[in-house]
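I opened my notebook to record what I looked up in this structure.

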Amino acid sequence: MTREKILEEALKIYADHGYKGTTMKKVADAVGIKAASIYFFFQNKEEVLKAVFQIILERHHAEIEKIHATSLEATLIKSIQNLVVGLARYHRKDMVGTKAYVQLITSDMESFKADFSSYTGDFMEWLFEHY
């Protein structure tokens with residue numbers, strides 16, 4: 001059992017069931033452990049999901065960086081087209097991550113809104129620096 005396996009299974013469950021439908025028992029069952037074992041790695045469900053969100057956002061940003069790297073010599077219009085098309089392809093290939101991402105940005109949980117708002121601000125800064 002690893003922390004990464006817990007996070008991957010939590011990501012899948014969160015994508016399908018949202019915050020309220022994601023339980024430590026569901027995650028534990030998917031990993032094949034007892035729910036109490038998760039607490040060795042995480043204090044509570046919110047901590048698990050914050051780590052899941054971090055993974056989602058890191059993967060998303062890494063993809064944007066990869067797309068940007070292929071557009072360094074392109075015009076601004078072509079760079080933006082590459083970004084839009086590249087992100088559409090990325091999200092189509094990673095439907096679990098995309099569903100979880102949509103759950104994240106539509107979440108009504110205040111603690112997640114603050115984290116996402118911070119990420120959005122950082123992302124906007126990155127966009128202005130690179131485009």
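**Entry 1: The whole chain**

I read along the sequence first, and the protein chain follows the pattern α-α-α-α-α-α-α. I am working with a predicted model. I counted seven helices and zero strands in the protein chain.

Next I looked up the overall dimensions. Along the principal axes, the C-alpha atoms fill a box of roughly 55 × 25 × 20 Å. The chain has 131 residues, and buried ones make up 40% of them. I noted an accessible surface of about 7,900 Å² for the protein chain. Carbon and sulfur atoms hold 58% of that surface.

I also checked contacts between residues at least 6 apart in sequence. Of these, 67% join residues at least 24 apart.

**Entry 2: H1 against H4**

How do the axes of helix H1 and helix H4 cross? I found that H1 (residues 3-21) and H4 (residues 45-69) have axes that come within 9 Å and cross at roughly 95°. Angles of 65 to 115 degrees count as roughly perpendicular, so H1 is roughly perpendicular to H4.

I then listed who makes this contact. From H1 I wrote down Arg3, Leu7, Glu8, Ala10, Leu11, Tyr14, Tyr19 and Lys20. From H4 I wrote down Lys45, Glu46, Val48, Leu49, Ala51, Val52, Phe53, Ile55, Ile56 and Arg59. I sorted the contact of H1 with H4 by class: twelve residues are nonpolar, none is polar and six are charged.

**Entry 3: Glu9**

I stayed in helix H1 and picked Glu9. Is Glu9 buried or exposed? Its relative accessible area is 9%. Buried means under 20%, so Glu9 is buried. I left aside its neighbours within four places in sequence and looked for other contacts. Glu9 is in contact with Val27, Ala30 and Val31.

**Entry 4: Thr23**

I moved on to the loop between H1 and helix H2 (24-31), where I found Thr23. Its relative accessible area is 31%, and Thr23 is partly exposed. I looked at the side chain of Thr23 next. One of its polar atoms lies 3.0 Å from the backbone nitrogen of Lys26.

I also checked a distance to H4. Thr23 and Leu49 are 26 residues apart along the chain, and their C-alpha atoms are separated by 10 Å. Leu49 was already in my notes as part of the contact of H4 with H1.

**Entry 5: Tyr39**

Where is Tyr39 found? I located Tyr39 in the loop between helix H3 (35-38) and H4. I noted 43% relative accessibility, so Tyr39 counts as partly exposed. Not counting residues up to four places away in sequence, Tyr39 touches Met24 and Asn44.

**Entry 6: H5 against H6**

I turned to helix H5 (residues 76-93) and H6. Their axes come within 5 Å and cross at roughly 105°. That makes H5 roughly perpendicular to H6.

Which residues make the contact? From H5 I listed His91, Arg92 and Lys93, and from H6 I listed Met95, Thr98 and Tyr101. I sorted them too: the contact of H5 with H6 divides into two nonpolar, two polar and two charged residues.

**Entry 7: Thr98**

I finished with one residue from that contact. Thr98 sits in helix H6 (residues 95-105). Its relative accessible area is 15%. The cut-off for buried is under 20%, so Thr98 is buried.

What does the side chain of Thr98 make a polar contact with? I found the side chain of His91, at 2.8 Å.

Definitions and conventions. Residues are numbered from 1 along each chain as its sequence is written. This is a predicted model: local features need pLDDT of at least 70, side-chain atom pairs count only at pLDDT 80 or more; totals for chains, interfaces and linings use all residues. Side-chain values use heavy atoms; hydrogens and water are left out. Helices (H or I, at least four residues) and strands (E, at least two) are DSSP runs, numbered from the N terminus. Buried means under 20% relative accessible area, exposed over 50%, partly exposed in between (1.4 Å probe, protein chains only). A polar contact is a pair of N or O atoms within 3.5 Å; within protein, one must be able to donate a hydrogen and the other to accept it, and residues adjacent in sequence count only if both atoms are side-chain atoms. Axes are lines fitted to C-alpha atoms, for helices over the stretch in contact, and angles run from 0 to 180 degrees between N-to-C directions. Angles under 35 degrees count as roughly parallel, over 145 as roughly antiparallel, 65 to 115 as roughly perpendicular and the rest as oblique. Contact means heavy atoms within 4.5 Å. Ala, Val, Leu, Ile, Met, Phe, Trp, Tyr, Cys and Pro count as nonpolar, Asp, Glu, Lys and Arg as charged, and the others, Gly among them, as polar. Accessible areas come from the Shrake-Rupley method with a 1.4 Å probe; for residues, only the protein chains shown count as cover.
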